[in-house]
Amino acid sequence: MKKLSGWTFIKIYTVLIYIWMFAPIVAVVLLSFNPQQFGSFPMDSFSFKWYVKLAHNATILGAFKNSLVLGSLTAILTTVIGIPAAMAFVRYDFPGKETL
C-alpha cells in the first residue's frame, strides 16, 4: 500500500473546502428553475417562471442596468489608472516605492 504524502491531504482538504463553499450556490441555482414557490429536491419540473418574473420587474431591471454601468465604468477607470501605475513601478525609482 502506498503511503499518502502531506500534499495529498492538503489537496483533498482543498477540494473539500471548495465543495463546502460552492455546494450552496449550486443548490440555489438549481432551485431557481423550480416552478414551486418553495424549493425542494427532487424537483417536479423545470421552469423559467422566476426569471420571467424578474424580467418584468422594473426595479430589478433598473438595478441591473445600474450595476452594468457602474461595473463597466469601474473596469475602464481602473485600467486607465492601473496600467500607467504598473509601468511607473517597473520603470522608475521614487520615494515610497518599496512601501507601496
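Start by selecting Tyr13, Ile17, Tyr18, Trp20, Met21, Phe22, Ile25, Val26, Val29, Leu30 and Phe41, which form a nonpolar patch on the surface with about 1200 Å² of accessible area together. Patches here are made of residues with over 30% relative accessible area and no salt bridge, with nonpolar side chains (Val, Leu, Ile, Met, Phe, Trp, Tyr) joined within 5 Å and like charges within 9 Å. Accessible areas come from the Shrake-Rupley method with a 1.4 Å probe, and for residues only the protein chains shown count as cover.

Before moving on, please note that this is a predicted model, in which local features need pLDDT of at least 70 and side-chain atom pairs count only at pLDDT 80 or more, while totals for chains, interfaces and linings use all residues. Residues are numbered from 1 along each chain as its sequence is written, and side-chain values use heavy atoms, with hydrogens and water left out.

Stop 1: Click on Tyr13, which is found in helix α1. Is Tyr13 buried or exposed? Tyr13 counts as exposed because its relative accessibility is 57%. The cut-offs are under 20% relative accessible area for buried, over 50% for exposed, and partly exposed in between (1.4 Å probe, protein chains only).

**Stop 2: the whole chain.** Zoom out and switch to a cartoon view. The protein has three helices and zero strands, and its pattern along the sequence reads α-α-α. Helices (H or I, at least four residues) and strands (E, at least two) are DSSP runs, numbered from the N terminus. Along its principal axes, the C-alpha trace spans about 65 × 60 × 15 Å. The radius of gyration is 24 Å, whereas a compact globule of 100 residues would have one near 13 Å. That radius is taken over C-alpha atoms, and the globule rule is 2.2 Å times the number of residues to the power 0.38.

If you colour by accessibility, keep in mind that 6% of the 100 residues count as buried. The protein exposes about 9100 Å², with carbon and sulfur atoms supplying 74% of it. What share of the contacts with a separation of 6 or more comes from residues 24 or more positions apart? The share is 0%, where contact means heavy atoms within 4.5 Å.

**Stop 3: the loop between α1 and α2.** Select Asn34, in the loop between α1 (6-31) and α2 (49-55). Asn34 counts as buried because its relative accessibility is 2%. Show its surroundings next: leaving aside neighbours within four places in sequence, Asn34 is in contact with Gly39, Ser40, Met43, Ser45 and Trp50.

**Stop 4: the aromatic rings.** Now display Phe33, Phe46, Phe48 and Tyr51, which form one aromatic cluster. A pair of aromatic rings is described by the distance of the centres and the angle of the planes. Rings of Phe, Tyr and Trp (its six-membered ring) pair if their centres lie within 6.5 Å; planes under 30 degrees apart count as stacked, over 60 as edge-to-face and the rest as tilted. By this rule the model holds seven aromatic pairs. Why is the pair of Phe33 and Phe46 stacked? Their ring centres are 4.9 Å apart and their planes are at 15°, so the pair is stacked. Both Phe33 and Phe46 lie in the loop between α1 and α2, so this pair ties together parts that are 13 residues apart in sequence. Phe33 is buried at a relative accessible area of 17%, while Phe46 is exposed at 54%.

Phe33 also forms an edge-to-face pair with Phe48, at 5.5 Å centre to centre and 90° between the planes. Phe48 lies in the loop between α1 and α2 as Phe33 does, so the pair ties together parts 15 residues apart in sequence. Phe48 itself counts as partly exposed, at 49% relative accessibility.

**Stop 5: helix α3.** Go to Leu68, in helix α3 (residues 58-91). Leu68 is partly exposed, with a relative accessible area of 48%. From Arg91 to Val69, 22 residues apart along the chain, the C-alpha separation is 33 Å.

**Last stop: a salt bridge.** Select Lys97 and Asp93, which form a salt bridge whose closest N and O atoms are 3.5 Å apart. The rule asks for a side-chain nitrogen of Lys or Arg within 4 Å of a carboxyl oxygen of Asp or Glu, and it gives a count of one salt bridge. Lys97 is buried at 18% relative accessible area, whereas Asp93 is exposed at 72%.
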